[in-house]
Amino acid sequence: MTTDSPNSTANSTDQRPVLVVDFGAQYAQLIARRVREASVYSEIVPHTITAEEVAARNPVGIVLSGGPSSVYEEGAPSLDEGILQLGVPTLGICYGFQVMARQLGGEVAHTGQREYGATAVTARTDDNRLLGGQPEHQTVWMSHGDSVAVAPEGFEVLASTASTPVAAFANDEKQFYGVQWHPEVKHSEYGQDVLENFLHRAAGIPADWNAGNVIAEQVARIREQVGSARVISALSGGVDSAVSTALVQQAVGDQLTAVFVDHGLLRKGEREQVQQDYVQATGVRLVTVDAADTFLAALEGVSDPEQKRKIIGREFIRAFEQAERDLIAEAAAEGEPIRFLVQGTLYPDVVESGGGTGTANIKSHHNVGGLPEDLQFELVEPLRTLFKDEVRQIGRELGLPEAIVGRQPFPGPGLGIRIVGEVTRDRLDLLREADAIAREELSAAGLDGEIWQCPVVLLADVRSVGVQGDGRTYGHPIVLRPVSSEDAMTADWTRLPYDVLAKISNRITNEVREVNRVVLDVTSKPPGTIEWE
Ligand code: XMP
């Protein structure tokens, strides 16, 4: 439903950005985040952007990202030559560094010597703006075949490696800089310093942006967009819909109605969190749709994960449409039509849907916000320019309950896709208890910041023999799936302390009936996905 290009300006911002030019690797988003971590607003643009389009964005700086190609390959992504004539301070990274070197008259050599992974680099330790103040010998993360052999005229060489004579360069007069390595990845020891030096010291960009600045700006934009019309929002209990709804509530107050569909697949306490804590914190007008029976009836006898997802998506739309019809009728009676729908679309969704690098459909995702395509509403998307951690920060500034703002990502189809096998009320009750125990213990151990999320999965179709008290049991296993991740695209299993695992396991097997075994999922993503279904 939201397939605008990353250039879309709906609900964007007035801030002058640093533009991160995406040369097609997975690093552009990471660079954009690191720039924001340096308190500078950033946006990602495709490498096909023209110099006029760049000029129209009035950027304070440009970062050229890495990319998978060789500048010599046919069809290698190129950059409009006019961009480097605009007088905007620019940092080239990896492939972007080579593109810059070539366009400005340097030489890029096909050395056939690939540098990959942690690499020792020797840096100039004078007071140069890019690397000055850093150690002479440092470890950086490399991934390249070609190398810059000769820097363009007017450039100083700032670093080298055993096989790369020009690993970093600078031209202070033009405010052009480049590094062969990836400063945006944590394996580059002084990576963030390189980025910050470029932004603040070399380009003179102040560190004055933070996600909180967005609130006042978005509130004004929403008011302008919505006028006196009515707005509806689908609240899932998740962070994105909670924060986007709260922003709209702050902007237009009573013109907004939030709809919360309880599909019976929620976690323990979630409904209460929304109905009590969230409503109290925001003052939002909330309509709850009680749809658990309908969802369970529709899911009866279904074990196939994709089929479950489709059914849950379909039922969600039905439930929402019913609520919508009621609200439309009510609004019409009062003379102000509903014209807008709030969506908690985040920046990665915007980049990924418009980035053109299409990924395979591994699982059909139904966000609770995955609403019908033919809805006749205009979208209000106040989070379109933000990353998840920034959305959390805004939620906190808006005074939302920590239980909601700090919440782990939770899939729209809820516990329905964490039961391997048929979904029944009884099984949902078991899983809800086990999940609550795991969450409680992880929080108590102070591990919430370390894990991205920890799905708890019930293997309802599996039974194993156990012994409890004096008797033999024949119960179900529960799987713990703690993962660490920056964006859920890739993930690693979190090395949780044994004593925390022991406590969770003890409590689950003691307190949750019919569960006699707790197992730990030690698979990274890829090859495993985060969710089991
Ligand atoms: P996977 O399982 O694909 O999950 O590795 C990646 C991230 O997406 C979440 N997820 C979903 N979120 N609707 C959602 O809103 C869905 O249908 C859905 N399926 C998976 C998952 O929790 C993880 O954060």
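**Exercise 1. Locate His182 in the fold, state whether it is buried or exposed, and list its contacts.**

Step 1. His182 sits in the loop between β11 (176–179) and α4 (191–202). Helices (H or I, at least four residues) and strands (E, at least two) are DSSP runs, numbered from the N terminus. The model is predicted: local features need pLDDT of at least 70, side-chain atom pairs count only at pLDDT 80 or more, and totals for chains, interfaces and linings use all residues. Residues are numbered from 1 along each chain as its sequence is written, and side-chain values use heavy atoms, with hydrogens and water left out.

Step 2. With a relative accessible area of 1%, His182 is buried (buried means under 20% relative accessible area, exposed over 50%, partly exposed in between; 1.4 Å probe, protein chains only).

Step 3. Neighbours within four places in sequence are set aside; His182 is then in contact with Tyr27, Gly66, Ile93, Cys94, Trp141, Ser143 and Ser188 (contact means heavy atoms within 4.5 Å).

**Exercise 2. Which residues does the UniProt annotation "active site" cover, and where does Cys94 lie?**

Step 1. In the unreviewed UniProt entry, the annotation covers Cys94, His182 and Glu184. UniProt positions are given in the numbering used here, feature names are shortened, and annotations may be inferred rather than shown by experiment.

Step 2. These residues span 91 residues in sequence, yet no two of their C-alpha atoms are more than 10.9 Å apart, so they gather at one spot.

Step 3. Cys94 lies in the loop between β4 (90–93) and α3 (95–103) and is buried, at 3% relative accessibility. Not counting residues up to four places away in sequence, Cys94 touches Gly66, Ser143, His144, Val179, Gln180, Trp181 and His182.

**Exercise 3. Describe the salt bridge between Arg407 and Glu270, and the network to which these residues belong.**

Step 1. A salt bridge is a side-chain nitrogen of Lys or Arg within 4 Å of a carboxyl oxygen of Asp or Glu. By this rule the count is 34 salt bridges.

Step 2. Arg407 and Glu270 form one of them, at 2.2 Å from N to O. The pair links distant parts of the chain, 137 residues apart: Arg407 is in the loop between α12 (402–405) and β17 (419–420), and Glu270 is in helix α7 (residues 270–282). Both Arg407 and Glu270 are buried.

Step 3. Asp435 forms a salt bridge with Arg439, with 3.0 Å between the closest N and O atoms. Both lie in helix α13, 4 residues apart, about one turn of the helix. Salt bridges that share partners join Arg267, Glu270, Arg407, Asp435 and Arg439 into one network.
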